[in-house]
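Please keep the sequence and the model in view while reading.

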Amino acid sequence: MATDDSVSGARRRSGSLLSGAGVLVVGRYAVAALAWVSTIIIVNRLTKAEFGQFTFIFTLLGIVGFIADLRLSRIVLSQVLAADETEAARVVGSYTGLRLVIGVVSYGVAMACVGIGYATGAFSSQIVIGTALGGLNLIILSVAFGLILLFEARLWLRDIAIANVLGQVGSFTLTLSVTLAGIGTVLWFAGANLVNGILVLLFIFFALRGGARIRISFERSEWWAWMREAAPLALGAALDTIYFRIDIVMLLILKSEVAVGIYSVGYKFSDLMGAVPIAVVTPALTLMVAAWPSDAAGFRRTFRHALVMLMVAAVGACAGFLVFAEPLVTTLYPGYRASVESARLLVVGQGLHFFTLLAFTTLVAVRRNRLYPIAMLVGVLINVGLNLVLIPEFSYLGSGWATVITECIVLMVLGVGVMRIPGLRPLPWLATGKVIFAGLVAGSAGWGLLGRVPWPVGLATVAVLYLALVHFLAPNGRGGLRAFAGEPRDDLLAAVEEGIDRPGV
């Protein structure tokens, strides 16, 4: 099955940070659009309590799945980048075998959690059966993500995007079909997510045809070496997932399934934004790992480029949503007006999480892994403590505030570590000021339009105004928005343009 992989690489490879991120963003937003329509269908089909059950099932699976990821891919990626095609295929095969074992164990953990909850009367049988069905993705996607590591290392990001879109199309088709047939239930919708995972894995196998020959293997000595190096990241990943999603679990325990259903609407908007940082940091990690430590200037250029891109995306999204949250929520999710304020908080929290992910990725690229679990432990303690205090009194709104406060503190802790990386300082403060100014002006214009024009017109106006201001202010250098499409700029040029990025320039 082996062929000249250089031909495949030339055909598939994403050539720059923006092109790589752009491919993933397009794919992720195609997925997000279908997922969003699916969610609207599900919301209107299920009661608030049933929607709360559905949300809890996939929140639990998300927590278990992310914990089980162990962040091993960051460790193995550098090994794959340095290897020839034959060795890279062997390493990916071994890594996939490890992911398969972890997936099976994760499925057992998820079932044990809901089994205990059912035995104690905390969870319904619907939650147990839905977890058993939807949880099979823990195994299926573990294999898929193991193989996808080779695609990330070679920047074959188009195939990753296609796999994700294809999986979501299958999931959406089943969701729509059972709803039109009048048989849509929590279990059917859990099954639709399982179809997603199956199709993703099948396409990954298809995309590997005629390319690298990967055989899944079980090399325990190599696994042990990876896990030993990844131990700080694994602990941090577990704590990261807990602090970012524990609010759903605590709401169910301390309040009700209805509270979970109302709160989870905000997560739909937050998760829609979440596609952006993943799309940016995925190619950025590959470029930073390749640059460090031999090319410190290239490392800084990639970091700065990613930072400004994320800043433009986060500020623009938050500015638009804070203004138009109410019409967006009430139009897309009729009957969920109570979700508006917590949705605003979750979107702001996600905007802050953009930079948390970039900080984490940057620290991993230079193999400074120990700060990550410390920051995540701080996040867990603060988030759980705040939720324990705020949920009984303020329910889902209290959880939203807990999320924002926690994100601020975690970002500050990680930011200290990032700033200690040689050659990375100072940050592009002038670019930051330009983006924030554009966001404030566009947001203010939105408040002026709110209630005076139809909200889609107002939102579109804010988006156009914001992008026009970003283009005019040019936070990424000459060319405005076009500057994001090229390669990261030379450090000296960036310093000259910003005037304050390097002392003495």
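Is Glu 222 buried or exposed? With a relative accessibility of 13%, Glu 222 counts as buried, where buried means under 20% relative accessible area, exposed over 50% and partly exposed in between, computed with a 1.4 Å probe on protein chains only. The model is predicted, so that local features need pLDDT of at least 70 and side-chain atom pairs count only at pLDDT 80 or more, while totals for chains, interfaces and linings use all residues. Residues are numbered from 1 along each chain as its sequence is written, and side-chain values use heavy atoms, with hydrogens and water left out.

Glu 222 forms a salt bridge with Arg 90, the closest N and O atoms being 2.9 Å apart (a salt bridge is a side-chain nitrogen of Lys or Arg within 4 Å of a carboxyl oxygen of Asp or Glu). This pair links distant parts of the chain, with Glu 222 in helix 10 and Arg 90 in helix 5, 132 residues apart; helices here are DSSP runs of H or I with at least four residues, numbered from the N terminus.

Arg 90, which is partly exposed at 30% relative accessibility, also forms a salt bridge with Glu 87, at 2.9 Å between the closest N and O atoms, and both residues lie in helix 5 (residues 85-119), three residues apart, about one turn of the helix. Glu 87, Arg 90, Glu 219 and Glu 222 are linked in a network of salt bridges.

As for cysteines, a search of the whole structure finds zero disulfides, that is, pairs of cysteine sulfur atoms within 2.5 Å. Cys 318 is buried, at 13% relative accessible area, whereas Cys 408 is partly exposed, at 32%.

Terms used
Helices (H or I, at least four residues) and strands (E, at least two) are DSSP runs, numbered from the N terminus.
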